[in-house]
Amino acid sequence: MEFLKVMLHLVLGFLGIHSNTASANEVAPPLPSSSIARDPNTILILFGTRHGCRNPENYVNPSDKSWGQEGPLELNRIGKKQALGLGKEIRKFIGNDYINANYFGKEAVFYASSAPRCQMTLQTAIAGLYTPLGFADWDKRYDNWSPVPYTIDDQLLRMYNVKNCPKSDEAWAPISNDSLPSLAKMESENIELLKYMAENTGWQPKVSLAADLADNIIMIEHTRAKYPQWMNKPTLAGYDKKKLIAAYSEFAEAHYKACAEHMPCRQMMGGYWLKHTIDSMKTAATGKGPKVIGYASHTEVTLAVMKLMGYTRKELTTSAGFVLEFKNTPQAMVRLLEHDPNPVDKHVIYQGTLIPELSSLQDSNGFIPLADFEKVIGQFEISDWETACGRTNNCQKA
Ligand SMILES: *[C@@H]1O[C@H](CO)[C@@H](O)[C@H](O)[C@H]1NC(C)=O
């Protein structure tokens with residue numbers, strides 16, 4: 001069960017609610033108790049992760065200092081623990097004979113979005129992946145940590161932040177302004193809740209702000225902090241505390257999930273990253289390139305690339321994502337795995353659930369011939385991000 005759902009269940013369970021809300025009824029299958037083993041013929045492992053748990057953008061109770069000290073949108077203590085758990089589990093999966101316990105630049109490369117929460121997630125995951133030994137054990141006081149370089153690449157991992165990318169702005173517009181039918185419906189069906197939130201916080205009565213409130217609820221529950229009076233003793237007709245909290249929790253990640261569902265946004269966010277993973281596998285097939293590639297990005301981008309790859313997931317827990325295993329024996333083949341925190345320190349890597357067009361191609365170990373995989377998903381690859389962005393200044397000569 002993914003972290004957000006775990007937290008929501010904790011919230012609802014704690015409040016004694018057996019929620020009648022839609023998402024609580026979708027019972028996610030339990031996570032496997034242990035990770036799958038790496039295939040002995042694997043020659044490239046790619047892992048992509050969403051950043052770990054972060055603070056909300058707006059704090060519902062700014063004077064409460066029991067959490068959120070890192071600042072709005074920053075990776076917090078839970079998020080760091082999740083990322084460390086991911087790195088440790090990736091190392092367990094990889095083992096110490098596939099790549100060295102110490103960092104070598106030829107063996108592994110890492111990429112992050114420019115967002116601090118993604119860079120810090122990657123840094124913490126890498127700290128879990130490497131434990132400097134022997135010559136690399138450079139200072140006893142930093143026994144378990146070695147510096148490791150990574151590349152910040154927003155075209156790859158945060159296209160929405162790339163300047164002069166009108167197609168990305170276009171893809172986001174109906175989500176940002178809540179005109180996408182699913183979001184418009186969510187807004188109109190919950191208008192009283194949104195207004196009640198607005199009256200008591202001064203925030204706009206918008207889905208994105210209610211999503212922020214849901215992030216606050218997770219942190220309040222996790223740290224057992226206090227709810228503001230308007231949530232503790234609601235004055236909104238038909239709502240007590242339990243029902244109010246359950247209702248706002250439903251807004252969690254609404255815009256990000258909508259982007260990953262909305263095809264123009266999905267492809268714009270994930271298409272170039274998809275291409276990077278496929279190209280890296282083709283390079284590995286020629287005996288070149290690194291043996292491990294790690295990426296850290298955002299919910300909507302990571303979920304988008306996973307959906308382009310044919311995973312059936314509809315949401316992404318903090319610090320969850322994918323692992324791809326590539327082997328060239330007996331032919332070029334890929335295995336699509338998922339990884340999830342359970343729910344904080346422990347992490348698990350397991351066979352991903354795929355669309356039927358792909359699951360029908362899997363062999364008994366879950367591998368799919370790369371050529372067949374690309375026949376199904378190749379249409380979503382973006383090879384030239386500038387053209388995909390709709391940049392029109394190609395003719396301008398310097
Ligand atoms: C929201 O964005 C869409 C573009 O996708 C636009 O057509 C629509 O007019 C916008 N609506 C509002 C209320 O701004």
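These notebook entries record what I looked up in a predicted model.

**Entry 1. The nonpolar cores**

I began with the largest nonpolar core, which holds 81 residues. Within this core, M231, Y248 and F373 touch the most other members. I then looked up which element gives the most to this core, and found helix α13, residues 263-285, with eight residues. Domain 1 (26-167 + 256-380) and domain 2 (171-252) both contribute residues, so the core lies between the two domains. I noted separately another core of 24 residues that lies apart from this one; L86, A112, A115 and Y130 are among its members.

**Entry 2. Contacts of M231**

I next listed the contacts of M231, setting aside neighbours within four places in sequence. M231 is in contact with V60, L213, I217, K241, L244, I245 and Y248.

**Entry 3. The ligand**

For N177, I recorded a polar side-chain atom 2.4 Å from an oxygen atom of the ligand. I also looked up the area of the ligand: taken alone it exposes 360 Å², of which the protein buries 32%.

**Entry 4. P116**

Finally, I compared P116 with H51: the two are 65 residues apart in sequence, and their C-alpha atoms are 9.5 Å apart in space.

Note on methods. Residues numbered from 1 in each chain as written. Predicted model: local features only at pLDDT ≥ 70, side-chain atom pairs only at ≥ 80, totals over all residues. Heavy atoms only, no water. Core = buried A, V, L, I, M, F, W, Y, C linked by side-chain atoms within 4.5 Å. Buried < 20%, exposed > 50% of the residue type's maximum accessible area, 1.4 Å probe, protein only. Helix = DSSP H or I, 4+ residues; strand = E, 2+ residues; numbered from the N terminus. Domains from an automatic or database assignment. Contact = heavy atoms within 4.5 Å. Polar contact = N/O pair within 3.5 Å; in protein donor to acceptor, adjacent residues only side chain to side chain. Areas by Shrake-Rupley, 256 points an atom, 1.4 Å probe, with all protein chains shown as cover.
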